[in-house]
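Welcome! Here is a short tour of a structure that may be new to you. Take a look at it first, and then we will walk through a few of its features.

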Amino acid sequence: IHVASTPRMDFIGKNFAYKTLPFDEFVERASRRTQSEYFFCKEEKYYLRAIGQDARKDVADFQKQFPSLADDLKIPSLVRRERLFSSVFRISSPGIHLWTHYDVMDNLLIQVSGSKRVVLFSPTDSQYLYLSGDKSAVLDID
């Protein structure tokens, strides 16, 4: 998991640390605004982006990595199975602002609880996003 003392996570500047927690403890911490147990500070924020066993080789597959939750997530029929590349499972603390980035593959966002603001840019705007690989140095788009 990513753990940061600020809600604005910066992938280029790496203002977070990678830590490990049991899944149930991570979910508990991610759901709270302040922590009684913490790595850095009481207000720290958490972000999980599930990856395969071998992060460099394996494709993220929600159903394999979280089998006890797999029946709770039904991919809509409009998504053709043969076109599905991966299913990345993400959980974050309330108020997290992730780094501006682009995804090569199509995405399907399912928001389970709370709300999320997603800002989409046209691919033609990439020249204005100060990209370094697929990440951007633009952290605050407001």
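In what sense do E3 and strand E4 (residues 90-92) pair, and over how many bridges? E3 and E4 pair in the antiparallel sense, over three bridges. Please keep in mind that this is a predicted model, in which local features need pLDDT of at least 70 and side-chain atom pairs count only at pLDDT 80 or more, while totals for chains, interfaces and linings use all residues. Residues are numbered from 1 along each chain as its sequence is written, and side-chain values use heavy atoms, with hydrogens and water left out.

**Strands**
- Strands (E, at least two residues) and helices (H or I, at least four) are DSSP runs numbered from the N terminus, and two strands pair if DSSP finds at least two bridges between them.
- Strand E1 (residues 2-4) also pairs with E3 in the antiparallel sense, over three bridges.
- Ala4 has Lys45 in E3 as its bridge partner, while Leu48 stands opposite Ile91 in E4.
- Four of the five residues of strand E3 (residues 45-49) are buried (under 20% relative accessible area, with a 1.4 Å probe and protein chains only).

**Around Phe89**
- Phe89 lies in the loop between helix H3 (67-70) and E4.
- Phe89 counts as buried because its relative accessibility is 18%.
- Leaving aside neighbours within four places in sequence, Phe89 is in contact (heavy atoms within 4.5 Å) with residues including Phe23, Leu48 and Phe66.
- The C-alpha atoms of Phe89 and Phe66 are separated by 8.8 Å.

How values were computed. Buried means under 20% relative accessible area, exposed over 50%, partly exposed in between (1.4 Å probe, protein chains only).
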